[in-house]
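Here is a briefing on one protein model. Please view the sequence and the structure before reading on.

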Amino acid sequence: MASSLTCTGVIWALLSFLCAATSCVGFFMPYWLWGSQLGKSVSFGTFRRCSYPVHDESRQMMVMVEECGRYASFQGIPSAEWRICTIVTGLGCGLLLLVALTALMGCCVSELISRTVGRVAGGIQFLGGKCEIGWAYYCTGAGAATAMLLCTWLACFSGKKQKQYPY
């Protein structure tokens, strides 16, 4: 099976996929920030939370729901900043996945990744890698930072030189 990637390009494709997967796992997990409330351990991410308070009408007091889940609606996310973070981080992770899957396809498809396409993909990774303190936060940030720095550099050397056709 012919490849349009150099050896460096294959490393770039695999590392891009690992970075995208790491960023996406971190984005979906509700362990960005840890703390306690009403004597219970709580955590939350951009659009998921674990152990959150609700008002119990029968007892007329706040009780902790000890389970993880998404907010009921996009407007249920506590602040405009967290909503913006959800959108920006989600778009960044989506771009990282798009570039990574394209790069992996370049391992199997001849003439898919040229040097120019590799450089454009590296630029997309640089822009998509700017994601914004639990392990999920670090996971998202580490995947984005690696994609932004190392994968961008490797992408510049990923494509084979184009054949010059006489016509």
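A disulfide is a pair of cysteine sulfur atoms within 2.5 Å. By this rule the count is 1 disulfide. The model is predicted: local features need pLDDT of at least 70, side-chain atom pairs count only at pLDDT 80 or more, and totals for chains, interfaces and linings use all residues. Residues are numbered from 1 along each chain as its sequence is written, and side-chain values use heavy atoms, with hydrogens and water left out.

**Overall layout**

- The protein chain holds 4 helices and 4 strands. Both are DSSP runs numbered from the N terminus: helices are H or I with at least four residues, strands are E with at least two.
- Along the sequence, the pattern reads α-β-β-β-β-α-α-α.
- Of the 167 residues in the protein chain, 38% are buried. Buried means under 20% relative accessible area, exposed means over 50%, and partly exposed lies in between (1.4 Å probe, protein chains only).

**Cysteines**

- Cys50 and Cys68 form a disulfide, S to S 1.7 Å. The link of Cys50 and Cys68 is right-handed, with 105 degrees about the S-S bond.
- This pair links distant parts of the chain, 18 residues apart: Cys50 sits in strand 3 (residues 48-56) and Cys68 in strand 4 (residues 61-70).
- Cys50 counts as buried because its relative accessibility is 7%. Cys68, at 40%, counts as partly exposed.
- Cys24 is in no disulfide.
- Cys24 counts as buried at 10% relative accessibility. Cys93 is also buried, at 3%.

- Helix 2 has 27 residues and reaches 39 Å from its first C-alpha to its last. That is close to the 39 Å expected at 1.5 Å a residue; the expected span is 1.5 Å times one less than the number of residues.
- Buried residues in helix 2 include Trp82, Arg83, Cys85, Thr86, Cys93 and Leu96.
- Arg83 lies in helix 2 (residues 80-106). Arg83 is buried yet has no salt bridge. A salt bridge needs a side-chain nitrogen of Lys or Arg within 4 Å of a carboxyl oxygen of Asp or Glu.
- The nearest side chain of opposite charge to Arg83 is Glu81, 7.7 Å away. Lys and Arg count as positive, Asp and Glu as negative; His and the chain ends are not counted.
- What lies 3.2 Å from a polar atom of the Arg83 side chain? The backbone oxygen of Ile77 does.
- Leaving aside neighbours within four places in sequence, Arg83 is in contact (heavy atoms within 4.5 Å) with Phe74, Gln75, Ile77 and Pro78.

- Ser16 is placed in helix 1 (residues 7-28). Ser16 is buried, with a relative accessible area of 2%.
- Ser16 and Leu96 are 80 residues apart in sequence. In space, Ser16 and Leu96 are 7.4 Å apart, C-alpha to C-alpha. Leu96 is one of the buried residues in helix 2.

**Loop between strand 3 and strand 4**

- Gln60 is found in the loop between strand 3 and strand 4. Gln60 has a positive phi of about 55 degrees although it is not a glycine.
- Is Gln60 buried or exposed? Gln60 counts as exposed, because its relative accessibility is 55%.

How values were computed. Polar contact = N/O pair within 3.5 Å; in protein donor to acceptor, adjacent residues only side chain to side chain.
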